[in-house]
Amino acid sequence: MNSFTAAIRSSLLQNARKGDTLRRWSIKELLKLNDVNATNADIVLQEIRTRLAIQHQRLSSFSRVEEYAKIASSSDGATLSKSLKMLLQLHENTYMLPHEIIETDFLMEGFCNRPKQTYLKQMVDDIMTRHGASVDTFADATIASRNMEHQIPQILRKQFRTDANILQKPEPFLHSRLLIQLICEHYVSLHKGKSTGAVSIDADILDIVDDATTEAKAVADANLGVAPEVQIRSVGPFVPPPIIRSWIHHAIVEVTKNAMMSTVQKWDEQPLHQKQSLPSNILIDVSRDADFMLIRVVDNGIGLNADRSDKAFRFAVSSTQKRWDRINEQQSYAAVRQPLGSLGVGLSLSNLMMKCFGGSVSLNNNQNEPGCTAILRVNYNDDYKALN
């Protein structure tokens with residue numbers, strides 16, 4: 001923050017203290033923002049600015065961890081220090097975007113002017129894009145922190161865990177990041193002419209499932225050389241709940257990728273004389289159960305042992321041995337292979353997305369046959385308010 005004026009530093013601190021004034025967003029509250037006008041734009045910018053300031057304060061609170069980085073005997077200390085500086089810089093720079101517009105009364109005059117609306121949409125889109133990269137950096141910091149802990153003298157470890165609390169318990173930081181992204185996505189979608197913004201009403205759920213499984217199959221095929229077939233079915237007619245389509249898509253992709261990896265691993269382990277020509281199929285069914293829409297992803301793979309079950313939803317814990325590297329995996333400038341697994345953020349983020357508005361993701365072994373069933377529960381209550 002050395003490059004910032006005293007006024008900006010003061011603004012960051014003041015806005016970080018406004019946690020009690022933040023809106024408790026629900027699907028219903030999002031739908032009330034149904035137009036691109038100066039009032040709604042001001043709500044969006046004020047929310048984004050305050051949430052970015054709070055996130056920055058959370059990051060600043062564990063700056064003492066850098067002192068431990070000097071004690072660590074491996075490169076983890078340097079990784080942690082670098083990741084922290086990158087996250088702080090990202091939030092400081094991104095904070096300036098809504099701050100400058102709010103402080104210059106940009107919205108007060110002539111907001112009906114189309115170029116001004118387009119400029120604001122592009123700025124919110126820029127915030128969403130910039131902030132999107134924060135998960136990987138935060139995961140790097142979390143992994144480095146875990147690796148460092150055993151390198152620190154025993155007498156300091158308890159205090160280290162306290163000082164690194166944001167990394168030990170990352171859910172509040174990640175949850176706030178999701179809300180910032182959602183508010184940005186909602187406003188950008190409104191500007192593009194979608195009256196319900198980021199919310200989808202009466203969505204074609206089977207179409208969403210089909211899109212997500214097509215993506216998962218492409219990733220599995222690129223990484224494993226084969227992708228199990230997927231059977232999709234709807235159990236009975238029902239009206240779907242209002243959903244955040246991008247979140248549902250993400251969660252289905254992640255649980256389906258896991259199911260495919262488990263299924264192919266089980267298939268690879270079979271003796272040649274017993275091996276089928278292709279891995280067993282994966283079944284996805286969509287249904288309603290009282291207050292929730294259920295999306296079940298059923299595989300006949302290796303299932304969950306105690307260790308995999310415990311780690312499934314932990315942030316930045318991956319079953320992948322080798323970290324995916326975009327440069328190493330780049331085949332050409334136009335084609336970059338997406339990882340099947342890497343930092344261990346997919347399932348944990350999927351669960352946070354579902355939990356945000358009262359849903360969940362669960363993983364359990366099948367009772368009478370091999371494999372596992374993942375269940376996405378999507379809440380019908382559009383008045384369920386997300387935590388701040």
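Analyst: Happy to. Keep in mind that this is a predicted model. The pairing to look at is the one where α12 passes α15 in a left-handed crossing. Two packed helices are described by the angle between their axes and the distance between those axes. Here helix α12, residues 245–268, packs on helix α15, residues 346–356, at an angle of about 140°, and the axes lie 9 Å apart. Angles over 145 degrees would count as roughly antiparallel, so α12 and α15 are classed as oblique to each other.

Now for the residues that touch. On the α12 side they are Trp247, Ile248, His250, Ala251, Glu254, Val255 and Asn258. Facing them from α15 are Gly346, Leu347, Leu349, Ser350, Met353, Met354 and Cys356. Sorted by class, this contact holds nine nonpolar, four polar and one charged residues. As for the spacing along a helix, an α-helix has 3.6 residues a turn, so residues three or four places apart point the same way.

Let's zoom in on valine 255, which belongs to α12. Its relative accessibility is 3%, and because buried means under 20%, valine 255 counts as buried. Beyond its neighbours within four places in sequence, valine 255 is in contact with Leu347, and also with Val297, Val361, Ala374 and Leu376. Leu347 is one of the α15 residues in the pairing above.

Methods
Residues are numbered from 1 along each chain as its sequence is written. This is a predicted model: local features need pLDDT of at least 70, side-chain atom pairs count only at pLDDT 80 or more; totals for chains, interfaces and linings use all residues. Side-chain values use heavy atoms; hydrogens and water are left out. Axes are lines fitted to C-alpha atoms, for helices over the stretch in contact, and angles run from 0 to 180 degrees between N-to-C directions. Helices (H or I, at least four residues) and strands (E, at least two) are DSSP runs, numbered from the N terminus. Angles under 35 degrees count as roughly parallel, over 145 as roughly antiparallel, 65 to 115 as roughly perpendicular and the rest as oblique. A crossing is left-handed if the near helix is turned anticlockwise from the far one by less than a right angle, and right-handed if clockwise. Contact means heavy atoms within 4.5 Å. Ala, Val, Leu, Ile, Met, Phe, Trp, Tyr, Cys and Pro count as nonpolar, Asp, Glu, Lys and Arg as charged, and the others, Gly among them, as polar. Buried means under 20% relative accessible area, exposed over 50%, partly exposed in between (1.4 Å probe, protein chains only).
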